Amino acid sequence: MPRLPLAALALSITLALAACSSAPLAESAGAPAAAKAPPKLVVFLVVDGLPMRQVLAYREQLQADGFKRFLDQGAWFSDARYAHGHTVTAAGHATMLTGAYPQRTGIISNEWNDAQTFAPVYNTGDTAYQYIDHKTDPLAGTSPRNLRAETVGDVLRTRQPASKVIGISGKDRGAILPAGHKGTAYMYMSEDGQFASSTYYMSSHPQWVRDFNAAKPADAFFGKAWAPLLPESAYAGSVPDGQPWQFNGGNGNRLPAVLGAKHEKPGPLFYGNILPSPYGDELTLAFARAAIEGEQLGADAQTDILSVSLSSHDYVNHAFGPESRLSHDHFLHLDRYLQGFFQYLDQRVGRANYLVMLTADHGFADSPDWAKTQGRDAELLNPGLVMTALNAGLVQKFGEGRWAVKFSAAGVLFDHQLIAARGLAPADVHEEAARLLRGMNGVVAAFTPAQLRSADTATPFLDAMRKAWHPEVSAPVQFVIKPNWLFSSRTGGSSHGTPHRYDQHVPILGWGPAWLGRGEVKTPVEVVDIAPTLAEILQVPAPAQSQGRLLPLPFASPAALAR
């Protein structure tokens with residue numbers, strides 16, 4: 001009998017163990033991945049602002065080959081979450097492919113203030129670079145300079161320079177952060193409906209990008225109606241359109257909604273309003289197809305990575321709440337777009353040649369106004385009032401002065417020059433501020449630097465806020481608001497950003513049976529586990545800052561491997 005190659009031998013052992021197991025969907029630590037040559041293309045999908053509860057709530061209304069490809073044919077993790085406490089877009093996108101929490105990536109929020117100068121900082125802002133052929137605002141996202149960790153794509157390109165890593169999104173941070181330091185990012189320009197990169201990556205666009213933009217595909221949505229996909233009865237479990245707390249700007253808050261209805265021709269307002277509609281995702285996936293063809297992704301033996309962050313669901317949930325019919329219907333549109341995209345990949349790359357992983361950057365709270373109608377304790381916590389009350393308490397303790405200066409991400413910045421001038425220990429001011437915050441209605445926890453540096457894992461929310469806290473970037477005192485509350489002065493809509501389950505619980509869905517297996521995995525996992533798992537599949541080391549573990553992939557069956 002001839003000797004089997006090591007990979008084939010490992011695979012035969014894996015399948016034999018699976019056949020002998022009496023437990024359904026026994027889990028392994030990535031055995032199928034180690035037994036298979038890497039895919040030609042890894043497609044990494046992010047649905048911005050998608051809670052896992054929405055995926056499961058609408059399961060019976062999904063198309064056969066969109067999200068159901070993951071649920072029926074793929075490996076999916078029903079108890080996946082972020083473990084850091086400030087759950088926002090940039091922090092999530094920085095975590096996914098680095099496998100590192102904000103405490104290591106340095107991307108603590110979408111924007112924050114410098115802890116010493118109080119100057120505003122944008123997560124991907126870098127004034128050394130500009131958008132190609134487009135205006136660049138002072139805080140615009142143009143490079144990954146602030147990202148203090150490498151991604152899976154960075155590791156791959158270090159070892160295989162011919163591999164390509166492309167990041168695409170409606171948001172700069174959604175494109176730049178997953179693309180890492182050695183990839184190439186393209187983001188949507190709301191001024192004219194085009195996609196552009198920045199001079200960090202290149203001096204001018206390749207021809208395929210120029211051709212895509214010259215065709216003006218965004219203009220095709222002018223005058224197009226966003227209409228419900230299903231009969232009214234199908235949305236019985238969702239909150240109807242036109243509620244007082246649903247924002248009524250842009251495309252309005254009722255379906256059908258006609259894009260550009262208030263404009264004579266396409267212009268910046270129209271292009272901006274494409275994103276908070278299903279057509280923002282349709283346009284982004286069209287650009288992804290152009291990238292696959294223009295860059296010949298997945299066409300040779302070197303593995304390529306395509307990251308596509310779909311931004312529209314986040315805009316819809318912010319404006320109308322995840323409980324709304326508008327959010328429900330948007331998800332169904334997205335499901336159809338994904339079905340078409342997967343079928344395109346089947347034809348272009350080949351079903352046996354690519355792997356898809358899908359997650360989200362954060363979940364979402366229900367709109368507080370809606371939550372109150374359901375008997376929940378839900379309110380707005382006004383930042384201005386909190387800052388006033390905090391300083392009043394600090395004045396009472398330490399004397400006159402503006403001790404607390406700004407909110408930064410999930411924390412409070414202080415005037416340390418004033419603290420030093422009064423001969424006070426910063427720790428004493430931090431401790432008093434945390435005590436005052438804990439006593440405010442709407443706040444459930446507040447932590448000092450000493451607590452954040454400690455090894456305490458028993459105090460509620462402390463570990464989550466520790467993982468969100470970078471000592472060189474973050475504000476010294478971190479706090480957590482009550483469940484169902486929003487830290488905002490803006491009435492209407494909803495948001496995210498807390499360590500509560502509705503903000504942390506997100507999908508991790510995978511398809512690529514030869515590498516991932518097939519079936520639901522109920523074991524709790526974290527988003528940081530994606531990066532080391534993909535690195536294992538690509539047969540490269542995990543990113544240096546990674547804090548994740550291998551996902552417990554379901555054993556692959558012979559039938560799954562044949563798909």
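Biologist: Which residues line the second largest cavity, and what makes a residue part of a lining?

Modeller: The second largest cavity is lined by H86, I108, S408, A409, A410, A468, S474, A475 and Q478. They count as lining because, on a 1 Å grid over the protein atoms alone, a lining residue has an atom within 4 Å of a point, and a cavity is a set of points where a 1.4 Å probe fits but cannot get out. This is a predicted model, in which local features need pLDDT of at least 70 and side-chain atom pairs count only at pLDDT 80 or more, while totals for chains, interfaces and linings use all residues. Residues are numbered from 1 along each chain as its sequence is written, and side-chain values use heavy atoms, with hydrogens and water left out.

Biologist: How do you know how much space lies in the second largest cavity, and how do its lining residues divide by class?

Modeller: About 30 Å³ of space lies there, a volume being the space filled by probe spheres set on the grid points, which are joined across faces, edges and corners. The lining has five nonpolar, four polar and no charged residues, where Ala, Val, Leu, Ile, Met, Phe, Trp, Tyr, Cys and Pro count as nonpolar, Asp, Glu, Lys and Arg as charged, and the others, Gly among them, as polar.

Biologist: How many cavities of 30 Å³ or more does this rule give, and what lines the largest cavity?

Modeller: The count comes to two, and the largest cavity, with a volume of about 40 Å³, is lined by V42, L97, V152, G153, I305, L534 and L538. By class, the lining of the largest cavity has six nonpolar residues, one polar and no charged.

Biologist: Why is the largest pocket called a pocket, and which residues lie nearest its centre?

Modeller: A pocket is called so because it is an open set of points, with protein on both sides within 12 Å along at least five of seven lines. The largest pocket has a volume of about 770 Å³ and is lined by 37 residues, of which H86, V88, F487, S495 and H496 lie nearest its centre. Among the elements that give two or more residues to this lining are strand 4 (111-113), helix 12 (312-320) and helix 20 (501-504). The lining holds 15 nonpolar, 16 polar and six charged residues.

Biologist: What makes helix 12 mostly covered, and what follows helix 12?

Modeller: Eight of its nine residues are buried, that is, under 20% relative accessible area with a 1.4 Å probe and protein chains only, whereas exposed means over 50% and partly exposed lies in between. The buried residues are S312, H313, D314, V316, N317, H318, A319 and F320, and helix 12 is followed by G321, whose phi is positive, near 90°.

Biologist: How do you know whether T89 is buried or exposed, and which residues does T89 touch?

Modeller: T89 has a relative accessible area of 1%, and is therefore buried. Found in helix 5 (residues 89-96), T89 touches D48, N110, K171, R173, D361, H362 and H496, not counting residues up to four places away in sequence, where contact means heavy atoms within 4.5 Å. Helix 5 has eight of its eight residues buried, and these pack against elements including strand 1 (41-47), helix 6 (102-105) and helix 22.

Biologist: Why is T523 called partly exposed, and where does T523 lie?

Modeller: The relative accessible area of T523 is 32%, so T523 is partly exposed. T523 lies in the loop between strand 20 (519-521) and strand 21 (525-526), and its C-alpha is 21 Å from that of L97, although the two are 426 residues apart in sequence.

Methods:
Helices (H or I, at least four residues) and strands (E, at least two) are DSSP runs, numbered from the N terminus.
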